[in-house]
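Colleague: I would like to go through this model with you. Let us take the RNA first, then the domains.

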Amino acid sequence: MADESRSGRSDKSDSQPGNAAGADRWPREEARRLAERVAAYEPARPVIFQSGFGPSGLPHLGTMAEILRPSFVRKAFHLIELSRPSRLIVFIDDLDGLRKVPENVPNRADFDRYLGLPVSKIPDPFGCCASFADHMIGQLRKFLAPVEVEYELMRSAEMYSSGRFDEGLKLILDKHAEVTAIIAPTLREENRAGWSPFMPICPNCGQVVERTVSAYHTERASIEFICEKSAGGRSGCGFRGEQSVLGGMAKVQWKVDWALRWYVLKVDYELYGKDLTDSARLSGQILRALGAQPPLGFPFEMFLDEEGRKVSKSVGRGVTVEQWTRYAPIEVLKFFLLRNPHRARKLFLKAIPQYVDEYLDALCEYAAAPEEKKRESPLEYVIQKSTPKRFNSELSFGFITSLVPALGTADSNVIVSYLLKRDPNFEGEENTASMVAVLVECAINYYKDFVEPTKQPYSFSDVEREQLKTLATWLNDHPNANAEEIEKRIYDLGREYYPDKPGKIFPLVYHAILQQVRGPRLGAHIAEFRLRAVKRLQEAASVGIA
RNA sequence: GAGCCGGUAGCUCAGGUGGUAGAGCAUGUGACUUUUAAUCACAGGGUCCCGGGUUCAAGUCCCGGCCGGCUCACCA
């Protein structure tokens, strides 16, 4: 461990394993519950984890949480059940009718003609994919690529039309009265009468039709309906007739749909946001009515902003994944999502440096731990093939950030080479070096966006200006002075002006050349960045403000 | 209003089965007799939201209240 390169992060080498150790126990606890549930399954039957994605909106931080967190449980599960296979299904609701025109599509006005149509049937407004749904799925894939989570996509439209849902659909048709009896009490009175678990897809206009089922024929697996009003709020085409509920000619309502997926795919585990608590309860009841057991899982808490208010995408508060990767390595986000999901988390950009440093600490500790300890580490859930597995440095995010103004550059190469001088440890150590490279990029962004705008100008007194001027003049008169000589001269100056505490001169000089109170050894720093330093000293001396 | 979830230091958070309230950061003071992007030592900080109850013992379990959030839509 390098003694000379401590730069901010705490040294916890002899304290107990990570402070966050307790908070990331939940995947193992969930895994234990899951192991109990599946204990009686035949050995080859896989455990099914599921997560959903609505392709009418862009993937966001919540999407990431919804997919990553079950993957953590899955990982924990395989730690205790070594041989049983498992799958993580990301289920795409692309047979859903478009309810409203998304904000981000071009020619929005033109787009309302597609309201009510399944999103898998709507052409891609961006013109690059087979359908709108395909486009959004592409976005999702791109979005998930950096986190190396293993998942398989399953598309609702395909499941319905291929007939894989038929058996479940027949069962729901058989039990439609029971299903209705579960949902109806939760509806407003005026809506109960027309409710049906089924939404036929009109053979004439293609819309997902709501609320018009007038008869159920279980023996023919069909329903009668009138195409009056679609899921998108548009009026129907008036088609009237009888139609099968199988093979993609109808879909079921949301809570029923969730139960259907659980039923057909034999889902064992699913996590969802707390806003879906009640839906999950009702879907569970429906599933029981179909004769199966609801999956395990729990509602997770939402993210809060700095003031503790709920994060709302539409209000523009909160943090996006794009922002996150601008300021922090992606592993740090995974590390963050590993924390206890039962508790609402504050997530705001200014807290990111802290999360980064906590992660770097954990990574140091992880690399130092013996193999058997590593297996218990939360980092096992976080580290990926493509990301650093160790971090042999005491460098901190805060320190690197402070280098941006100190070196007066946003050139990452300059910063990295400076870091190498300070902590030669990571040269040739690929993991650490690549982490440093990412950190430098993030630090530059963070400094520009958050630190620089808050810098307070410092006003120098006349005496202070005199001192700065003296130093600047001396530097000009001694162009060949080395670091040691410069250092000595500054201290002499301090002795001259502050006989009781000569060190008081230093904050002054830091303010002038770096706009901060502390900094590097000044002799060496000025010798290295002489021109810039002299210029700033002169400016500060003449203007009186830095 | 009802149901569910939360409330621990200035900040971010730990506190599996009850057993003397913790960490990191931030803050303050001092030390290092040329400075320190340090290090070291010390300190301040808390009614664990409030009030009851169970218990020898409650941050932890129970009840009630307060505050915040979510849900209570044929949306997902």
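Modeller: A polar contact is a pair of N or O atoms within 3.5 Å; within protein, one must be able to donate a hydrogen and the other to accept it, and residues adjacent in sequence count only if both atoms are side-chain atoms. This is a predicted model: local features need pLDDT of at least 70, side-chain atom pairs count only at pLDDT 80 or more, and totals for chains, interfaces and linings use all residues. Residues are numbered from 1 along each chain as its sequence is written, chains are lettered from A and ligands numbered from 1 in the order in which they are written, and side-chain values use heavy atoms, with hydrogens and water left out.

Colleague: What part of RNA strand B lies 2.7 Å from a polar side-chain atom of Asp-93?

Modeller: Glu-210 has a side-chain N or O atom 3.5 Å from a sugar or linking oxygen of RNA strand B. Asp-275 uses a polar backbone atom, also at 3.5 Å from such an oxygen. For Asp-93, at 2.7 Å, the partner is a sugar or linking oxygen.

Colleague: Which element gives the most residues to the surface near RNA strand B?

Modeller: Helices (H or I, at least four residues) and strands (E, at least two) are DSSP runs, numbered from the N terminus. Elements that give two or more residues include α10 (277-289), α13 (352-368), α15 (397-407) and α19 (483-497). With four residues, the top contributor is α15.

Colleague: How many residues surround RNA strand B?

Modeller: A residue is near the strand if one of its heavy atoms lies within 4 Å of it. The closest are Arg-211, Arg-345, Tyr-491, Phe-506 and Pro-520. The number of surrounding residues is 52.

Colleague: How much area do domain 1 and domain 3 bury between them?

Modeller: The bounds come from an automatic or database domain assignment: domain 1 is 26-165 + 254-300 and domain 3 is 304-454. Their C-alpha centres lie 29 Å apart, and 20 residues of domain 1 are in contact (heavy atoms within 4.5 Å) with 20 of domain 3. Buried area is the accessible area (1.4 Å probe) that two parts lose on being put together, summed over both. Carbon and sulfur atoms hold 66% of it, and the total is about 1,900 Å².

Colleague: Which three residues supply 32% of the area that domain 1 buries against domain 3?

Modeller: No other three residues of domain 1 supply more. The trio is Leu-61, Phe-72 and Glu-148.

Colleague: How many salt bridges does the rule find across the interface of domain 1 and domain 3?

Modeller: The rule asks for a side-chain nitrogen of Lys or Arg within 4 Å of a carboxyl oxygen of Asp or Glu. Polar contacts do cross this interface, in five residue pairs, both residues at pLDDT 80 or more. The salt-bridge count there is zero.
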